[in-house]
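These are my notes from a first reading of a structure that is new to me. I wrote each entry after looking up one topic.

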Amino acid sequence: PSETVMSRTSVFRTQVEFGDCDPAQIVWFPNFFRWVDAASRHYFVSAGVPLWSELTRTRGIIGTPLLDCQASFKRTATYGDPIEVHTQVPDWGNKAFTMNHEIRSGDTLLATIVEKRAFVRKHPDDPARMQAIVVPDDIKALCAGA
């Protein structure tokens with residue numbers, strides 16, 4: 001079962017650099033995923049969730065790896081353009097959650113990316129593997145703005 005909760009929105013800001021573009025001076029598509037990954041972590045930090053290094057040390061949580069991803073590209077961007085990634089978590093499952101990202105330049109929607117992620121720790125029987133854990137209630141509450 002999943003739980004829909006009122007989710008806060010965070011905004012991660014960056015700018016398209018010359019090196020982010022292909023020879024046609026258009027953002028090379030993998031950079032959208034790089035910005036979204038940064039926006040994902042920014043979402044938690046801006047909600048007051050400690051850095052992964054702190055959570056690893058205190059609770060064994062090593063991060064929120066990507067399980068699934070869907071992207072829809074709407075418009076192009078080029079170097080010098082301001083980029084904002086608007087991120088929300090509209091759905092918390094037991095062990096996985098959904099992150100919605102809208103990538104904008106000004107009022108122009110460039111892309112939408114929907115991710116499925118999970119909180120994980122090292123597997124107790126094999127530290128080379130990861131194990132999904134139940135989404136911590138305190139982290140859910142921080143993200144809801146409670």
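I began with C21 and found that C21 is buried, at a relative accessible area of 15%, where buried means under 20% relative accessible area, exposed over 50% and partly exposed in between, with a 1.4 Å probe and protein chains only. The model is a predicted one, so local features need pLDDT of at least 70 and side-chain atom pairs count only at pLDDT 80 or more, while totals for chains, interfaces and linings use all residues. Residues are numbered from 1 along each chain as its sequence is written, and side-chain values use heavy atoms, with hydrogens and water left out.

Next I searched the whole structure for disulfides, taking one to be a pair of cysteine sulfur atoms within 2.5 Å, and the search gave 0. C143 is in no disulfide, and the nearest cysteine sulfur, that of C69, is 19 Å away. I also noted that C143 is buried, with a relative accessible area of 1%.

After α3 comes G145, and its phi is positive, near 85°.

I then asked which residues touch the most other members of the largest nonpolar core. Such a core is a set of buried Ala, Val, Leu, Ile, Met, Phe, Trp, Tyr and Cys residues joined through side-chain atoms within 4.5 Å. Of its 16 residues, they are F44, I61, W92, F97, F119, I139 and C143. Two or more residues each come from α1, α2, β4, β5 (96-105) and α3, and α1 gives the most, with 3 residues. A second, separate core of 15 residues includes V16, F32, I83 and A111.

For the sheet, I recorded 5 strands in an open arrangement, in the order β1-β4-β5-β6-β3, with antiparallel pairing; two strands pair if DSSP finds at least two bridges between them. The edge strands, each pairing on one side only, are β1 (10-15) and β3 (66-73), and the twist averages 20° from one strand to the next.

In β6, A118 is the bridge partner of A96, and I113 is that of H101. The hairpin of β5 and β6 has 2 residues between the strands, and in this hairpin G106 takes a positive phi near 65°.

My last entry concerns S7, which is found in the segment before β1 and is buried, with a relative accessible area of 14%. Counting contact as heavy atoms within 4.5 Å, and leaving out residues up to four places away in sequence, I saw that S7 touches Y43, Q88, V89, P90 and C143.

Technical notes: Helix = DSSP H or I, 4+ residues; strand = E, 2+ residues; numbered from the N terminus. Axes fitted to C-alpha atoms, helices over the stretch in contact; angles between N-to-C directions.
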